[in-house]
Amino acid sequence: MVIRWLILAVLFVASLCFASNYGGTIPYMFLYFVGAVPIVAGIYTLWVEKQFRFYQRIEEKVIVKGEPVNYYFCISNEEKFFYDSIAVDFFEENARIEGLEQKAEFHLLPGEKKEVRAALFCNYRGEYAVGACRFHISDYLHLFSTQYVVETPLKVVVLPRIVPWKYEKEILGESFEQVSVNSVMNGEVDVQVRNYYAGDEMRQIHWKASAKAGKLMVRERCEEPKQELAVFFDLQKQEGTENEQRAFEDEMVEQVVAAVYACMKKSISCTILFNDSAGTRLRVENQEQWEEFYQKCGKVQFLSSDVVKEFDSKSVENVRHALFFTGELDRELLDWIKSKCFLMETNIVRVGFSGNSQSFEEAGIRVYEEWIE
């Protein structure tokens, strides 16, 4: 663009000297023509910016990360003259459009309309804009360039992928398949005993316990412990570049989603606790509750700064199994987990980038590390 302006300036000076030294119709016509070129180019650019038309749409507003969705883009020229250069920028960080460059350029004849139908793939989980974000409009000589920003871009909610959980067998295996920790040799569930009260049936008397106690004792059958899991979802924001934060958050959410989905398939009830400012707590026992949780994971934000203080663990005090997802495992957090979950069988899944881990060998707590490449 600078070179074109230099050429135009040289032509204008040359035409001015030519008209000053020789006069006449032709020199002055050349001078007027050279002087009028930038004026006409500027008016043309502004006119095209106001008059060109575009339209875009996406088939679904709620989609899954990495899965294709139909995208339609159309740009048209409704004037009687040629549109020379309209370049379109797309949100390249958020999504890619198959078969369409992230910066496409269109040249439109009078009355021409160009349409693009392609598959759009979202790169990250979350809520953000996709499709066209701005237009760059130039004149025939590319002396001027104006920018038009799309005021209402396409907004989508991108849900995390549902992938097989690699720790399903290790964490949801034998401990959830046992009927009770108090099983007896004959396969019956163990019993509790209490003092005999008038009205209790004779068949309920526990004769061995009565003989030891020297008084009548009655057996009470224990209920089969319910398969249930408390999932602690750490939303603590991690340091790093924007791309590193996105990669971390995507991996963290996918791990939690995979774990809860694996529990649902095994009919294991889950209570998911988020350490956000609202103290969000969701329970997943059926398909409807699963959908609510899954939709929540598409919009969840990592804003928490103190994981230890914001978890409401009182609601899961009677649960026997705990699963903790975090990105930063330090001594303070580990001590908090041990104090709050000391009656639970606890597992920790730490998500992070390799080389940043701190080793903890704690009895009774298994730590699984999921590295991001």
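Predicted model: local features only at pLDDT ≥ 70, side-chain atom pairs only at ≥ 80, totals over all residues.

Trainee: Which residues form the nonpolar patch on the surface?
Mentor: Ile3, Ile7, Leu11 and Phe30. Together they have about 380 Å² of accessible area. Patch residues have over 30% relative accessible area and no salt bridge, with nonpolar side chains (Val, Leu, Ile, Met, Phe, Trp, Tyr) joined within 5 Å and like charges within 9 Å. A salt bridge is a side-chain nitrogen of Lys or Arg within 4 Å of a carboxyl oxygen of Asp or Glu. Areas come from the Shrake-Rupley method with a 1.4 Å probe, and for residues only the protein chains shown count as cover.

Trainee: Where does the largest share come from?
Mentor: Helix 1, residues 2-22, gives three residues. Phe30 sits in helix 2, residues 25-51. Helices (H or I, at least four residues) and strands (E, at least two) are DSSP runs, numbered from the N terminus.

Trainee: Why does Phe30 count as partly exposed?
Mentor: Because its relative accessibility is 36%. Buried is under 20%, exposed over 50%, partly exposed in between (1.4 Å probe, protein chains only).

Trainee: New topic. What is the phi of His142?
Mentor: Positive, about 60 degrees, although His142 is not a glycine. His142 is in the loop between strand 9 (132-138) and strand 10 (145-149).

Trainee: And where is Ser267?
Mentor: In the loop between helix 6 (242-265) and strand 15 (269-274). Ser267 has a positive phi near 60 degrees. At 60% relative accessibility, Ser267 counts as exposed.

Terms used: Residues numbered from 1 in each chain as written. Heavy atoms only, no water.
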